[in-house]
Amino acid sequence: MAITSANQLELLQTAEAVAREKMIDPALVIEAMEESLARAAKSRYGAEMDIRVSIDRKTGRAAFTRVRTVVEEAELENYQAEFTVEQAKQYMENPEVGQQLVEEVPPVEMGRIAAQSAKQVILQKVREAERDRQYEEFKDRAGTIINALVKREEYGNVIVDVGSGEAVLRRNEKIGRESYRPNDRIRCYIKDVRREQRGPQIFLSRTAPEFMAELFKMEVPEIYDGIIEIKAVARDPGSRAKIAVISYDGSIDPVGACVGMRGSRVQAVVNELQGEKIDIIPWNDDQPTFLVNALQPAEVTKVVLDEEAERIEVVVPDEQLSLAIGRRGQNVRLASQLTHLDIDILTEAQESERRQAEFAERTALFMETLDVDEFFAQLLVSEGFTSLEEVAYVEVDELLVIDGVDEATASELQARARDNIEAANKKALENAIALGAEDSLISFDGLTPQMVEALANDDVKTLEDFATCADWELAGGWTTVNGERSKDDGTLEPFDVSLQEAQDMIMTARVMLGWVDPTELETDEVEGEGDAAEMEAEV
């Protein structure tokens with residue numbers, strides 16, 4: 001096939017037809033044609049030549065040109081596409097490195113193989129353009145709901161038509177045992193859009209918490225307008241869900257607005273989610289109060305929050321335990337997902353037993369170490385004393401409030417407590433030295449003999465060893481793997497060393513060893529304070 005005036009206009013007509021059919025820019029099709037014609041010309045004139053083709057966007061005329069670039073003599077590699085300054089002088093006046101000589105060459109006759117190759121190039125380019133258009137169309141739609149048409153099911157995964165392409169609803173993203181037939185209409189949440197080798201992949205979900213949030217946004221105008229905000233969603237897809245909402249208008253009840261007149265709004269969401277029961281909960285910035293709301297319909301009598309461990313302890317009446325836990329632990333699991341806290345549920349009887357055990361343990365401690373009778377030890381515990389250190393170093397006035405304690409008795413109690421502490425410190429220090437603890441660690445400010453003993457037991461025996469520790473290795477922490485949180489015990493955790501205290505001690509040790517410049521630390525702190533001030537100002 002020769003590129004002649006007879007078929008020049010056909011190039012443009014073909015490009016426009018393909019672009020219209022695939023909904024892409026005609027210029028991309030013409031560029032693909034130019035590349036395919038250039039490839040055919042190279043097979044005719046030589047693969048080493050730099051042959052370029054330009055198709056006039058108005059007339060359809062294809063101009064074939066050969067380009068040669070002027071290079072340094074030492075850099076000359078391709079004699080067909082490059083030449084030196086000396087060689088270029090016969091074609092150009094005052095040639096310089098980097099200049100190009102463009103010469104028109106006759107159009108090529110395309111044989112059957114060349115025409116087939118050109119067709120493949122065009123199809124490939126059109127396919128790439130189509131993929132790019134589809135990716136650009138959907139990349140910004142991630143996080144929204146889409147209506148799709150079921151095409152087929154493959155190994156439990158549902159392939160759906162989303163208008164200009166296909167998307168996949170994976171088996172684990174379907175609610176319960178949902179099954180669909182071809183041409184069924186389905187509403188899904190666009191969870192992710194990825195650009196992959198085989199083209200853009202659009203992943204849908206009906207189990208994502210965000211799907212429920214978007215459904216409520218569609219049903220509740222106040223959420224769409226920003227008057228009500230969905231703060232958290234937790235789902236057991238197809239069974240039950242909890243959604244926390246807050247209103248920024250005091251005259252609007254967030255729960256009532258989401259429920260709607262006679263439950264019309266929430267019922268529309270329930271129907272879409274295959275009858276999934278939904279608990280709508282008022283959001284509260286106070287975590288214990290929010291948790292009490294999240295555990296509805298169970299009643300809570302007491303909440304104890306451990307912010308550092310991100311754990312919360314809940315006490316419920318004995319008869320409310322099964323309701324608080326829910327069938328197969330569903331209620332407490334959803335409440336935990338909603339609050340992002342680990343929840344321990346105790347009955348009042350269990351909490352009472354634990355309190356009694358702690359009371360008996362502390363009573364026994366004071367009886368043994370202070371050499372007092374059971375009644376007096378119980379008085380100390382009842383007044384809130386939990387350790388020997390509290391007795392030894394508290395203000396005397398705090399001991400005098402106990403019935404039967406005068407100044408002489410208080411002084412004697414404190415003396416006994418201090419003697420006991422000193423004896424325990426001496427024994428711990430001897431054990432630490434026996435384990436190999438060095439003076440550099442023993443004399444470090446902030447570490448008690450018991451702490452040094454614990455560190456030596458954990459093979460931390462020098463200041464250098466201590467300085468290489470991580471803060472969580474000392475204070476303990478939590479690790480989340482596959483959604484499951486597990487506890488990491490810290491060497492100094494039994495001594496109530498916080499994560500911040502551990503960080504400070506480790507950094508002090510590094511400064512003492514010369515590993516860290518203290519002036520740099522001061523600069524970092526000042527910058528951090530400045531950043532915090534800027535953030536507050538912005539708020």
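The second largest pocket is lined by 17 residues, and E389, A424, N425, Q450 and F495 lie nearest its centre. Its volume is about 530 Å³. This is a predicted model, in which local features need pLDDT of at least 70, side-chain atom pairs count only at pLDDT 80 or more, and totals for chains, interfaces and linings use all residues. Residues are numbered from 1 along each chain as its sequence is written, and side-chain values use heavy atoms, with hydrogens and water left out.

**Second largest pocket**
- A pocket is an open set of points on a 1 Å grid over the protein atoms alone, where a 1.4 Å probe fits, with protein on both sides within 12 Å along at least five of seven lines; lining residues have an atom within 4 Å of a point.
- Volume is the space filled by probe spheres set on the points, with grid points joined across faces, edges and corners.
- Two or more lining residues come from each of α12 (348-370), α14 (388-393), α16 (407-434) and α18 (449-457).
- α16 gives the most, with four residues.
- The lining divides into eight nonpolar, seven polar and two charged residues.
- Here Ala, Val, Leu, Ile, Met, Phe, Trp, Tyr, Cys and Pro count as nonpolar, Asp, Glu, Lys and Arg as charged, and the others, Gly among them, as polar.

**Nonpolar cores**
- A nonpolar core is a set of buried Ala, Val, Leu, Ile, Met, Phe, Trp, Tyr and Cys residues joined through side-chain atoms within 4.5 Å.
- The largest has 25 residues; M212, F216, I230, I243, L273, I278 and I280 have the most contacts inside it.
- Two or more of its residues come from each of α5 (209-219), β10 (228-236), β11 (240-247), α7 (254-259), α8 (264-272) and β12 (277-282).
- α5 supplies the largest share of this core, five residues.
- Another core, of 22 residues, lies apart from it and includes F444, L455, I506 and A509.

**Whole chain**
- The chain has 22 helices and 17 strands, taken as DSSP runs (helices H or I, at least four residues; strands E, at least two) numbered from the N terminus.
- Buried residues (under 20% relative accessible area, 1.4 Å probe, protein chains only) make up 39% of the 539 residues.
- Of contacts (heavy atoms within 4.5 Å) between residues at least 6 apart in sequence, 54% join residues at least 24 apart.

**Confidence**
- The average pLDDT (the predictor's confidence in each residue, from 0 to 100) is 80, and 87% of the residues score at least 70.
- Residues 1-6 have pLDDT below 50, with twelve contacts beyond near neighbours in sequence.
- Residues 525-539 also fall below 50, with zero such contacts in the model.

Definitions and conventions:
Buried means under 20% relative accessible area, exposed over 50%, partly exposed in between (1.4 Å probe, protein chains only).
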